[in-house]
Amino acid sequence: MSLKILILGVNGFIGNALTTAILKETNWQVFGMDIASDKLSGNLSHPHFHFIEGDISINKEWIAYHIKKCDVALPLVAIATPSIYVKDPLRVFELDFESNLDIVRQCLKYKTRVIFPSTSEVYGMCNEPEFNEETSNLVLGPIQKERWIYSASKQLLDRVIYAYGKHQGLAFTLFRPFNWIGPKQDNVFDEKEGSSRVVSQFISNIIHKKNIHLVDGGAQRRSFTFLDDGIDCLLKIIENKNHCANGKIFNIGNPANDASIKILAETILALAKTYPKYKERAEQVKIIDVDSKDYYGSGYQDVSARIPSIKNAEEILGWSPKTDLNTALKKTLDYYLGG
Ligand code: UGA
C-alpha cells in the first residue's frame, strides 16, 4: 500500500535519514516540513518527496491540512541537546512540549496515526540494569536540576498520547531512541564547545585541534545505536504489519554497544589517527577531565548508565540492531573525516 507520511523536522538527524530510506525502499509518499533543507539535497527532486520550508510554530494551516491528508504523522521537531536543556529550558518546553502537543491534538482530531519520538531520557536516573518500556521507573532529579526539563516534557507528552489512545481512540506508537549516532547529527564544524551530543562533540574537538573533555571523569555509560539500525526499526513501525505497533512503546537501542564515555573518547581518538588528513591534529588532542558544573553549569545532572531492553522491538517488530560500536564509529568518522 502506498502510504502518505508527514514528517515534521524532515531535515533533522532522524528525519533526513528516514526520508532517504523511505524513498529508496518503499513506494510511500513523504510530505516534509523543516526550517532548512541542507541535509535533504539528494531527495528534493524525488517524485515521492514533497518539501516545504516552514516552521511548526508558524505554518499551522499547512500542518493541519497535511495531518488530515496523510495516513501517518511523525512530529520529529525537538531540541535534543543537553547543554540547551540547562541554558534555555523554557525554549525546550515550548518547542518540545507545547508545539508538539498541538500537533498530537490535531492527529486526534483528524484520526491520523501518530508515531511520536519519546526518548531514552525519560528513564532518567533509573538504576535498573536494563530499561523496560512497561515496567521501569522514570527517575528524575530535583527542579533545580534543569537538565530534566526535556525528560519531563517528553514524559508528560508520552502520558498524554497514551491517555488519548486509551480513552479517545488516538492511534499511536511511541519510540525511544537510545543514543543514536551517525552522519549528519550535529554540526561538527561549529567550534562552540558543548553545542553537540557526545560523538559529534568529540569529532568536532579533533577537527578543531581542541582537547576532548570527559565530564566528571567519563565513567558514565551509554548504549550507542547506529542510525541505519534505528531507521530500519522505524520503517517497521511505520509499516505496522497487522497493526502490531499500535498503542505500543519501543526502545530502539543497541544493548551490545554499551560503553563508557572514556572508552568512547579513546576509541574515537584512535580511529581519527587513521585518517591521513586528521592524523596530525588527532595526535595533538588530549583527553582531559572536567567538572560537570564547569562544563554544563549547576543545573546539570547525569545518567550513570543507560541500557535498553529491546525485547518489545525484537518480538513484536522482528527487528534487532546489527552494527557494533566500532563499525558505527568508523562509518560516522568516514562521513566527517574521510575523503
Ligand atoms: C541524550 C540527549 O538528551 C538526547 O540526544 C537524547 O534524547 C538522548 O540522550 C539519547 O540520545 O538517547 P546524553 O546521552 O546525556 O543525552 O547526551 P550526550 O550529550 O551525547 O552526552 C553523553 C555523555 O557524554 C554525558 O554523560 C555527557 O556528560 C558526556 N559528555 C558530553 C562528555 O563527557 N564530554 C563532552 O564533550 C560531551
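Q: Which helix holds both Lys 279 and Glu 283, and how many residues apart are they?
A: Helices (H or I, at least four residues) and strands (E, at least two) are DSSP runs, numbered from the N terminus. Here helix H9 (residues 279-284) holds the pair, four residues apart, about one turn of the helix. This is a predicted model, in which local features need pLDDT of at least 70 and side-chain atom pairs count only at pLDDT 80 or more, while totals for chains, interfaces and linings use all residues. Residues are numbered from 1 along each chain as its sequence is written, and side-chain values use heavy atoms, leaving out hydrogens and water.

Q: What contact do the side chains of Lys 279 and Glu 283 make?
A: They form a salt bridge (2.9 Å, N to O), a term for a side-chain nitrogen of Lys or Arg within 4 Å of a carboxyl oxygen of Asp or Glu. The whole structure has eleven salt bridges.

Q: Which parts does the salt bridge between Asp 102 and Lys 60 tie together?
A: The two side chains meet at 3.7 Å, N to O. Asp 102 is in helix H4 (residues 89-110) and Lys 60 in helix H2 (residues 60-69), so the bridge ties parts 42 residues apart in sequence.

Q: Which residues are linked in a network of salt bridges?
A: Glu 121, Arg 147, Arg 222, Asp 302 and Arg 306. Asp 302 and Arg 147 meet at 3.9 Å, N to O. Arg 147 is buried, at 2%.

Terms used:
Buried < 20%, exposed > 50% of the residue type's maximum accessible area, 1.4 Å probe, protein only.
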